[in-house]
Amino acid sequence: MDIFSRRLTSSFLFFLFLSFTEAKEILVGGKTDAWKIPSSESDSLNRWAEKSRFRIGDSLVWKYDGGKDSVLQVTKEAYASCNTSNSIAEYKDGNTKVKLDRSGPFYFISGAKGHCEQGQKLHVVVLSQKHRYTGISPAPSLAEIDGPAIAPTSSAAGLKAGFLVTLGVVVF
């Protein structure tokens with residue numbers, strides 16, 4: 001490998017490492033007008049959140065009309081009942097940024113009257129350091145698997161099948 005290729009490979013790996021470890025600002029719903037009453041269940045922000053990965057240090061960013069709506073960070077119970085009277089935090093500026101500073105669930109509801117009851121709410125789960133998302137789904141560790149450990153086995157039939165598959169790949 002020449003020196004240029006090694007430097008290029010090293011630079012690429014460094015960039016890849018940074019992209020997985022750097023905290024990100026995440027626009028809620030992936031667009032500026034997402035903080036609204038959803039038109040259907042499939043339009044729900046929770047559907048979007050289920051497909052996203054949130055890490056400690058990331059920030060959620062809401063863009064909305066601060067004169068007509070707000071974002072309330074609430075408890076699980078207030079989220080379930082749409083209780084706006086006792087929020088953990090209230091944001092009204094129309095350009096809200098909330099840092100996800102711990103692992104676990106975060107709950108947000110609209111502060112506009114009746115909006116939460118119509119589905120304008122968001123529940124996100126922040127991955128723990130132990131279960132960091134790297135873009136690749138890792139195999140579970142043995143400590144995470146319930147049940148007795150199974151000893152590895154070896155048999156002539158298994159070795160023969162593996163040899164035939166490898167031979168088939170090489171030939172074709």
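Is Ser128 buried, partly exposed or exposed, and what is its relative accessibility? In this predicted model, Ser128 counts as partly exposed, because its relative accessibility is 24%, a value that falls between the cut-offs of under 20% for buried and over 50% for exposed.

**View 1. Ser128 lies in the loop between strand S8 and helix H4.** The C-alpha atom of Ser128 is separated by 7.7 Å from that of Arg102, although the two residues are 26 residues apart along the chain.

**View 2. Two rings have a charged side chain over them, Phe106 with Arg102 and Tyr79 with Lys121.** Arg102, the residue also named in the view of Ser128, lies over the face of Phe106, at 4.1 Å from the ring centre. In the other example, the charged end of Lys121 sits over the ring of Tyr79, and the separation from the centre of that ring is 4.3 Å.

**View 3. Trp35 and Trp62 form an edge-to-face aromatic pair.** A search of the whole structure finds 4 aromatic pairs, and in the one shown here the rings of Trp35 and Trp62 are 6.0 Å apart, centre to centre, with 80 degrees between the planes. Trp35 lies in the loop between strand S1 (25–27) and helix H2 (45–50), whereas Trp62 belongs to strand S3 (residues 59–63), so the pair ties together parts that are 27 residues apart in sequence. Both Trp35 and Trp62 are buried. Ring pairs also bring in Phe108, so that Trp35, Trp62 and Phe108 are linked into a cluster.

**View 4. Trp48 and Phe54 make up another edge-to-face aromatic pair.** The centres of these two rings are 5.7 Å apart, and the angle between their planes is 65 degrees. Trp48 is buried, and Phe54 is buried as well.

**View 5. Strands S1, S3 and S6 form an open sheet.** The sheet has 3 strands in the order S1-S3-S6, and its pairing is mixed. S1 and strand S6 (95–99) are the edge strands, each of which pairs on one side only. From one strand to the next, the twist averages 25 degrees. S3 and S6 run antiparallel and are joined by 5 bridges; Val61 stands opposite Lys97, which is in S6.

**View 6. Ser110 is a buried residue of strand S7.** Strand S7 covers residues 104–110, and the relative accessible area of Ser110 is 0%, which is why this residue counts as buried. The side chain of Ser110 reaches the backbone nitrogen of Ala112 at 3.1 Å. When residues up to four places away in sequence are not counted, Ser110 touches Trp35, Asp69, Ser70, Leu72, Thr84, His115, Cys116 and Gln120. One of these residues, Trp35, is also the partner of Trp62 in the aromatic pair described above.

**View 7. Cys82 has a positive phi value although it is a residue other than glycine.** The phi of Cys82 is near 55 degrees. Cys82 is placed in the loop between helix H3 (76–81) and strand S5 (89–91). With a relative accessibility of 11%, Cys82 counts as buried, because buried means under 20% relative accessible area.

Methods:
Residues are numbered from 1 along each chain as its sequence is written. This is a predicted model: local features need pLDDT of at least 70, side-chain atom pairs count only at pLDDT 80 or more; totals for chains, interfaces and linings use all residues. Side-chain values use heavy atoms; hydrogens and water are left out. Rings of Phe, Tyr and Trp (its six-membered ring) pair if their centres lie within 6.5 Å; planes under 30 degrees apart count as stacked, over 60 as edge-to-face and the rest as tilted. Helices (H or I, at least four residues) and strands (E, at least two) are DSSP runs, numbered from the N terminus. Buried means under 20% relative accessible area, exposed over 50%, partly exposed in between (1.4 Å probe, protein chains only). A charge sits over a ring if NZ of Lys or CZ of Arg is within 6 Å of the ring centre and within 35 degrees of the ring normal. Two strands pair if DSSP finds at least two bridges between them. Axes are lines fitted to C-alpha atoms, for helices over the stretch in contact, and angles run from 0 to 180 degrees between N-to-C directions. A polar contact is a pair of N or O atoms within 3.5 Å; within protein, one must be able to donate a hydrogen and the other to accept it, and residues adjacent in sequence count only if both atoms are side-chain atoms. Contact means heavy atoms within 4.5 Å.
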